[in-house]
Amino acid sequence: MPHKVNVKNRTLFQGDNLDFLREINSECIHLIATDPPFNKNRNFQSTPDKLGTGAGFQDRWKWDTDIHPEWVESIEDNWKGVHAAIHYAMAAYGQDMAAFLCFLGIRLIEMHRILRPDGSLYLHCDPTASHYIKALLDAIFGRKNFRNEIIWYYKNASRGKKQFAKSHDVLFWFAKNADSAVFNRESLLVPFDSGMTAWRYSRGGQKGKPAPKGKTPDDVIIMPSLNAMSKERTGYPTQKPLALYERIIEASTKPGDWVLDPFCGCATTPLAAERLGRKWIGMDEWKNVKEVLLGRMNQTGMLGETTLKGKQGNLAKLRGQVILTKKPPVRTTKGPESPPQFSAPFRLAAPRPSQTRAQMMQQLIEQQTGDILRDGESEITCPGCNRSFSDYLYFELDHKIPRSEGGGNEIENRMLLCIPCNRIKSNDKTLTGLIKTNKRLGRYNW
């Protein structure tokens, strides 16, 4: 059953969206529509003298500097398909694509969790990473919940001389559950190309049944991108048309539903949701996102006396209604989490030369005690259960990332575990998974 949203309407979170996503209640959001980084290997900066002045972000990714070990461990323990998608991207493209997918994947896992059973995700990307992102989404949402690959064809592309013009972006639509996903077909119908008349007629010339109002639109949206002279333009470096996101929101939500954008940038998704009478949440690291949203509302005529239910329509009141905060919400629900899908017998980092077992034991003893154990004079603490022992012979050498998951034999992937922990860990848990198991069983620091 869907849960209650633990965030107020019109909230903008400033900071790392992972911190906020992890604290939003499970299965409470109707739609996530977002335009994340694309791994373009460049820095983006805003146009001066516009609403978005000062905005920018780095779309470059490095495995060694941008990826937190906890993300990798969580993926390896719980999301084998995601782990596989990242591994193959590393092999086919390189470490920068793998780093980008790890960054995005750990956030998509949380987005999947917070979507309602009838909810949907629309993720905007381009050919730089679209095929790798599709594999990532298949692993998280399940390939049966893929609904459409929507092509946004914007025509006004630059024309090169050595290849076809690059004139489209991609929006992947995945449902939480394809059987129950909202799709407001009647509000999206487009005219028939055949020029069908308003009534069908029988052979005898008598008036028959009304003709259909229109047809389901194609999965290609023809809409110009925003040029530098557009009135809608804020100067934000990757701004998308408001009409594009209004179409998405109208397709998969109803008035009063909740819309979330974890990479809201210049607030196109919140603005579109507000215009269509939906509740919304935005997230971005940019500190001026609230002022840009209010400025865009003013430019589009949304702050007049007849808007916002008729009596609230002025800038001062709306400024108070839009909440900008750096504090994560308080989550009141758990799960449901998806189980691992299959084992992946490989690892995400290049192996290093191994030492002998005796050398590793000696080095790890010194690291964990600060001294070499002699005659039981020093204590060594097991990282799995946090208990201390005076006899180092009570410890065994094990892998942090298990060999079944591709963990190597180098010293950086080895640790000393007490014998009970080594038995519990077996060959299918990381250290993080072992600690969680021990805490659940009441064996942590017992």
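1. A residue counts as buried when its relative accessible area is under 20%. Asn-422 falls below that cut-off, because its relative accessibility is 14%. This residue belongs to helix α12. Leaving aside residues up to four places away in sequence, Asn-422 is in contact with Glu-396, Asp-398 and Leu-417. The model discussed here is predicted, and the remaining points should be read accordingly.

2. Ile-401 lies between β16 (395-399) and β17 (414-418), in the loop that joins them. With a relative accessible area of 18%, Ile-401 is buried. Its C-alpha atom is 10.0 Å from that of Val-72, although 329 residues separate Ile-401 and Val-72 in sequence.

3. Helix α13 spans residues 431-440, and its buried residues are Leu-431, Gly-433, Leu-434, Thr-437 and Asn-438. Viewed along the axis of α13, these buried residues stay within an arc of 160 degrees, and therefore they line one face of the helix. As a general point, an α-helix has 3.6 residues a turn, so residues three or four places apart point the same way. The face of α13 directed away from the buried side bears Lys-436, Lys-439 and Arg-440, which are exposed.

4. What do the buried residues of α13 pack against? Their partners are α3 (69-78), β17 and α12 (419-425). After α13 comes Gly-442, with a positive phi near 75 degrees.

5. The packing of two helices is described in general by the angle between their axes and the distance between the axes. For helix α4 (residues 80-92) and helix α6 (residues 130-141), the angle is about 165 degrees and the axes are 8 Å apart. Angles over 145 degrees count as roughly antiparallel, so α4 is roughly antiparallel to α6. The crossing of α4 past α6 is right-handed.

6. Which residues make the contact between α4 and α6? Helix α4 contributes Gly-81, Val-82, Ala-85, Ile-86, Ala-89 and Ala-92, and helix α6 contributes Tyr-132, Ala-135, Leu-136, Ala-139 and Ile-140. Sorted by class, this contact contains 10 nonpolar residues, 1 polar residue and no charged residues.

7. Helices α8 (residues 268-275) and α9 (residues 289-299) have axes that come within 10 Å and cross at roughly 45 degrees. That angle makes α8 oblique to α9. The crossing of α8 past α9 is right-handed. On the α8 side, Thr-268, Pro-270, Leu-271 and Glu-274 take part, and they meet Leu-293, Arg-296 and Met-297 of α9. The residues of this contact comprise 4 nonpolar, 1 polar and 2 charged.

8. Is helix α9 mostly covered or mostly open? Helix α9 is mostly covered, with 8 of its 11 residues buried. The buried residues are Val-289, Lys-290, Val-292, Leu-293, Leu-294, Gly-295, Arg-296 and Met-297. Just beyond α9, Gly-301 adopts a positive phi of about 75 degrees.

Terms used:
Residues numbered from 1 in each chain as written. Predicted model: local features only at pLDDT ≥ 70, side-chain atom pairs only at ≥ 80, totals over all residues. Heavy atoms only, no water. Helix = DSSP H or I, 4+ residues; strand = E, 2+ residues; numbered from the N terminus. Buried < 20%, exposed > 50% of the residue type's maximum accessible area, 1.4 Å probe, protein only. Axes fitted to C-alpha atoms, helices over the stretch in contact; angles between N-to-C directions. Parallel < 35°, antiparallel > 145°, perpendicular 65-115°, else oblique. Left-handed = near helix turned anticlockwise from the far one by under 90°. Contact = heavy atoms within 4.5 Å. Nonpolar A, V, L, I, M, F, W, Y, C, P; charged D, E, K, R; others polar. Arc of directions from axis to C-beta.
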